[in-house]
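Subject: Structure handover

Hello,

Here is the structure for your set. Please open it alongside this message; my notes follow below.

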Amino acid sequence: MAIRVLLGFSIPEEDLGHLFEVYQQFVENVFSLPVDLPFSGYRRGIQARQILQKGLEKAIREKLQCTQGKDYSDALDILIESSKEHGKEMTMQELKDGTLELIFAAYATTASASTSLIMQLLKHPAVLEKLREELRAQGSQHSGGWPLGGTLRLDTLSGLRYLDCVIKEVMRLFTPISGGYRTVLQTFELDGFQIPKGWSVMYSIRDTHDTAPVFKDVNVFDPDRFSQARSEDKDGRFHYLPFGGGVRTCLGKHLAKLFLKVLAVELASTSRFELATRTFPRITLVPVLHPVDGLSVKFFGLDSNQNKILPETEAMLSATV
């Protein structure tokens, strides 16, 4: 999605698979200590970045040469056009850096939020069942498959209010990134401290969500806090900002929310799933929020009666002899 939808690249599957492996090596070492020694995480990260940028430069040049047949502007198009409007055409290095940042923002954060979504549905079966009830009420869950002849429409997703609440609560408690940076445009005071013009300031998304006075029982996973009846986030602009705030809010926030909603509907309507380990994994926050050793989950497809379709070996083991 990041490569093809956000950036508009046409990269062959084989090359894409190789780039993904290199990208994972880059992400694993992006916050390494800056010690440039052979076999260090820093050196591996730099090498991965160089390989990535070489592949991205090829994709960017091909994209710039082929502009026909498109009926929409992707994120990279917008970035390029915006720089032209301000009288500064981006260099190839700037395009490569911007592209790599967009891929990191699109992939790593969405993978993090998707994992958090699955984990919370596992931990809170009542939430999952309520979501399934909403899908049944909307005609979006029947016969173990997609509704409406195999098509999930955008207006169908927009009508799923509880689903929206679930996604919002996942993003409140488990925001993929911890915060963002802004540059001070003019000197100001905050709680008696003077912040000079030109300084970089980091704002914490997680601390904002944890301390926002509008949220009750902040550590409890409670999607209903975003329901029309309660709307705990309605007061104030900056109590809830999983995608940042201001004019530099996340460029792909609508795509990310759409992806999470489609994933939730797919999981709730076509499968049953359970934790494949005895306990839930430990969570780390760097470079994005994620389980230390991944989240192991066992998925089962559903038949037309919403019963699990067991793998043949498991069915034999559980059969009565």
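**Surface and overall build**

The protein chain exposes about 19600 Å², and carbon and sulfur atoms supply 55% of that area. Accessible areas come from the Shrake-Rupley method with a 1.4 Å probe, and for residues only the protein chains shown count as cover.

Two notes on conventions. This is a predicted model: local features need pLDDT of at least 70, side-chain atom pairs count only at pLDDT 80 or more, and totals for chains, interfaces and linings use all residues. Residues are numbered from 1 along each chain as its sequence is written, and side-chain values use heavy atoms, with hydrogens and water left out.

The C-alpha atoms of the protein chain fill a box of roughly 70 × 55 × 45 Å along the principal axes. Its secondary structure comes to eleven helices and nine strands. Helices (H or I, at least four residues) and strands (E, at least two) are DSSP runs, numbered from the N terminus. Of the 321 residues in the protein chain, 38% are buried. Buried means under 20% relative accessible area, exposed over 50%, and partly exposed in between (1.4 Å probe, protein chains only). Take the contacts in the protein chain between residues at least 6 apart in sequence: 66% join residues at least 24 apart. Contact means heavy atoms within 4.5 Å.

**Two helices, checked for length**

The expected span of a helix is 1.5 Å times one less than its number of residues. Helix H3 (residues 41–65) has 25 residues and should span 36 Å; its end C-alpha atoms are 36 Å apart, which agrees. The buried residues of H3 include Gly41, Leu52, Gln53, Ile60 and Lys63. Their cover includes helix H2 (13–28), helix H4 (75–85) and H5.

Helix H10 (residues 253–270) passes as well: 18 residues should span 26 Å, and the end C-alpha atoms are 26 Å apart. Among its buried residues are Leu260, Lys261, Ala264, Ser269 and Thr270. The buried residues of H10 pack against helices H5 (92–123), H6 (125–137), H7 (154–158) and H8 (161–173), and against strands S5 (271–275) and S8 (297–302).

**Cores**

A nonpolar core is a set of buried Ala, Val, Leu, Ile, Met, Phe, Trp, Tyr and Cys residues joined through side-chain atoms within 4.5 Å. The largest nonpolar core has 38 residues. Those with the most contacts inside it are Leu117, Leu163, Met171, Phe215 and Phe273. H5, H6, H8 and H10 are the elements that give two or more residues to this core. H8 gives the most, with eight residues. Leu117 touches Val166, Ile167, Val170, Leu260, Leu263 and Ala264, not counting residues up to four places away in sequence. Another core lies apart, of 29 residues, among them Ile11, Val22, Ile80 and Ala106.

**Aromatic pairs**

The structure holds six aromatic pairs. Rings of Phe, Tyr and Trp (its six-membered ring) pair if their centres lie within 6.5 Å; planes under 30 degrees apart count as stacked, over 60 as edge-to-face and the rest as tilted. Phe273 and Phe299 form a tilted pair, 5.7 Å centre to centre with 35 degrees between the planes. This pair links distant parts of the chain: Phe273 is in strand S5 and Phe299 in strand S8, 26 residues apart. Phe273 is buried because its relative accessible area is 12%. Phe299, at 41%, counts as partly exposed. Elsewhere, ring pairs link Phe20, Tyr23 and Tyr107 into a cluster.

**Single residues**

- Gln120 is found in helix H5. Its relative accessible area is 3%, so Gln120 is buried. Gln120 touches Phe174 and Phe221, not counting residues up to four places away in sequence.
- Arg161 lies in helix H8 and is exposed at 57% relative accessible area.
- Cys66 is exposed at 53%, whereas Cys165 is buried at 6%. The disulfide count is zero, where a disulfide is a pair of cysteine sulfur atoms within 2.5 Å.

Best wishes
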